[in-house]
Amino acid sequence: MHYTVYVLYSKSCKRFYTGQTQDFNNRLNEHNAGETPSIRACIPLVLVWEKQLETRSEAIALEKRIKSRGAERFLADLGFIFIK
């Protein structure tokens, strides 16, 4: 089973959200249905980056690395440029 680490962006809140899941499509639908209290006010959220990993421990480690760096800086390190 694969795990997806993802970064979402809310244009309305100008905010990034990072997470990991086994079922990305379902999780994105949950986020955009307002089921995540911390970002409910920021819907809609759009996918800006994702990576598939083999194990949950790898996914959790990458998610933590992104969150500690900050999603915007992590993406900038990869060459992404966001105009807010």
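Predicted model: local features only at pLDDT ≥ 70, side-chain atom pairs only at ≥ 80, totals over all residues.
Local features need pLDDT of at least 70 and side-chain atom pairs count only at pLDDT 80 or more, while totals for chains, interfaces and linings use all residues. Residues are numbered from 1 along each chain as its sequence is written, and side-chain values use heavy atoms, with hydrogens and water left out.

A search of the whole structure finds 1 disulfide (a pair of cysteine sulfur atoms within 2.5 Å). Cys13 and Cys42 form this link, with their sulfur atoms 2.2 Å apart, and at -95 degrees about the S-S bond it is left-handed. The pair joins distant parts of the chain, 29 residues apart, since Cys13 sits in the loop between strand 1 (3–10) and strand 2, and Cys42 in the loop between helix 1 (24–32) and strand 3 (46–53). Helices (H or I, at least four residues) and strands (E, at least two) are DSSP runs, numbered from the N terminus.

The table uses relative accessible area, where buried means under 20%, exposed over 50% and partly exposed in between (1.4 Å probe, protein chains only).

| Residue | Relative accessible area | Class |
|---|---|---|
| Cys13 | 31% | partly exposed |
| Cys42 | 4% | buried |
| Phe16 | 15% | buried |

Phe16 lies in strand 2 (residues 15–21).

In helix 1 the buried residues are Phe24, Leu28 and His31. Seen down the helix axis, these buried residues fall within an arc of 60 degrees (taken from the directions from the axis to the C-beta atoms), so they line one face of helix 1. On the other side of helix 1, Asn25 and Asn29 are exposed. Just after helix 1, Gly34 takes a positive phi of about 85 degrees.
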